[in-house]
Amino acid sequence: MIFYFSGTGNTKWAAEYLAAKTGEALLFIPDELKGSCEYTLHIGERIGFCFPVHGWQVPGIVRRFIRKMTLHNAEQRYCFALCTCGDSIGKTIDILNKELARHFIHTVSAYSLQMPESYVCLPFMHTDPPERERSKIEQAKALIEIIGNDIINMKPGCRQLIIGPMPNFLSYVVGRYFNSRMITDKKFMVDAAMCVRCGKCAVACPTGNIIGGKGEVPQWRHDGSCTTCLACYHHCPKHAINYGERTKKRGQYYFKG
């Protein structure tokens, strides 16, 4: 079985490819968190985790899921992870393995897949230019085939990871601050004059954090469920949604295939 989380669609595309390639069940983490999170693995079944990197760390929603889940028959199973990123992942896989250790499992193989950038809330972060976006997707499509074959064959010891410079600083200093202080829906705002009340933002939100469907101006629940994945921002056809003032002049992106 493959557990995944995705906001703007990069990881969803990768996880769907791997599920189709391997025949493993694909389970969406926000939906799974609504239930017991108890699973029994069958003979030969793999365990996979797919998610985007958030601030050079594992997203909080993925960590909460791992802490809640119960796995039966997981001993000695082939476990893999694939994380998507705009540039580098730092110590993300090490952080993941610390979470998995409570279930006495660890990643036998781990991969990072560089995809178009979608986080635009910091001064130095922008969406990729169209040419760079296309290049990343083309390279990812070639690499995902190799990764899929590794997983089909349960090939151990594969670590194709874009660690990047200063991984400890980025993951354990910047990442800790980012994930403790910047994951919030309090800065989202909507320009009611520009909003066409299409409801696309509510549909795109992976955690159901937006109140208001078609015909309504969106509102955020402020209940702690926001992952700041920016799916609402990127799917707005009029750029009426922003995260503070900075994103008003930033680009938009979501995976279109």
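# Reading contacts, strands and charges

Me: Let's start with a loop residue. Which residues does D185 touch, not counting those up to four places away in sequence?
Reply: D185 touches N209, W220, R221, H222, D223 and C226, once residues up to four places away in sequence are set aside. Keep in mind that this is a predicted model. As for its place in the chain, D185 sits in the loop between α6 (167-181) and β9 (188-190).

Me: Is D185 buried or exposed, and what is the nearest side chain of opposite charge?
Reply: Here is the general idea first. Side chains of opposite charge can pair when their charged atoms come close. Now the case here: D185 is buried yet has no salt bridge. The nearest side chain of opposite charge belongs to K186, 6.9 Å away, while a salt bridge needs a nitrogen and an oxygen within 4 Å.

Me: Which side chain has a polar contact with D185?
Reply: That is N209: a polar contact of 3.1 Å joins the side chains of D185 and N209. N209 is also one of the residues that D185 touches.

Me: Let's turn to salt bridges. How many does a search of the whole structure find?
Reply: The search finds eight salt bridges. One of them is formed by the side chains of E99 and R63, at 3.1 Å from N to O. E99 lies in helix α4 (residues 92-100) and R63 in helix α3 (residues 60-68), so this pair ties together parts that are 36 residues apart in sequence. E99 counts as buried, at 4% relative accessibility.

Me: How far apart are the closest N and O atoms of D128 and K136?
Reply: They are 2.9 Å apart, and the two residues form a salt bridge. Both D128 and K136 are buried.

Me: And which residue forms a salt bridge with E245?
Reply: The partner is K248, with the closest N and O atoms 3.0 Å apart. E245 is exposed, with a relative accessible area of 55%, whereas K248 is partly exposed, at 44%. Elsewhere, salt bridges that share partners join R63, R67, E99 and R102 into one network.

Me: Now the strands. How many of the residues of strand β6 are buried?
Reply: Seven of the seven residues of β6 (residues 79-85) are buried, so this strand is largely enclosed by the rest of the structure. Look at both faces: C79, A81, C83 and C85 are on one side, F80, L82 and T84 are on the other, and all are buried.

Me: Which strand do six bridges join to β6?
Reply: Strand β4 (residues 47-52) is joined to β6 by six bridges, and the two run parallel.

Me: Cysteines next. How many disulfides does a search of the whole structure find?
Reply: A disulfide is a covalent bond between the sulfur atoms of two cysteines. In this model the search finds zero.

Methods:
Residues numbered from 1 in each chain as written. Predicted model: local features only at pLDDT ≥ 70, side-chain atom pairs only at ≥ 80, totals over all residues. Heavy atoms only, no water. Disulfide = S-S within 2.5 Å. Helix = DSSP H or I, 4+ residues; strand = E, 2+ residues; numbered from the N terminus. Buried < 20%, exposed > 50% of the residue type's maximum accessible area, 1.4 Å probe, protein only. Lys, Arg positive; Asp, Glu negative; His and termini not counted. Polar contact = N/O pair within 3.5 Å; in protein donor to acceptor, adjacent residues only side chain to side chain. Contact = heavy atoms within 4.5 Å. Pairing = 2+ DSSP bridges.
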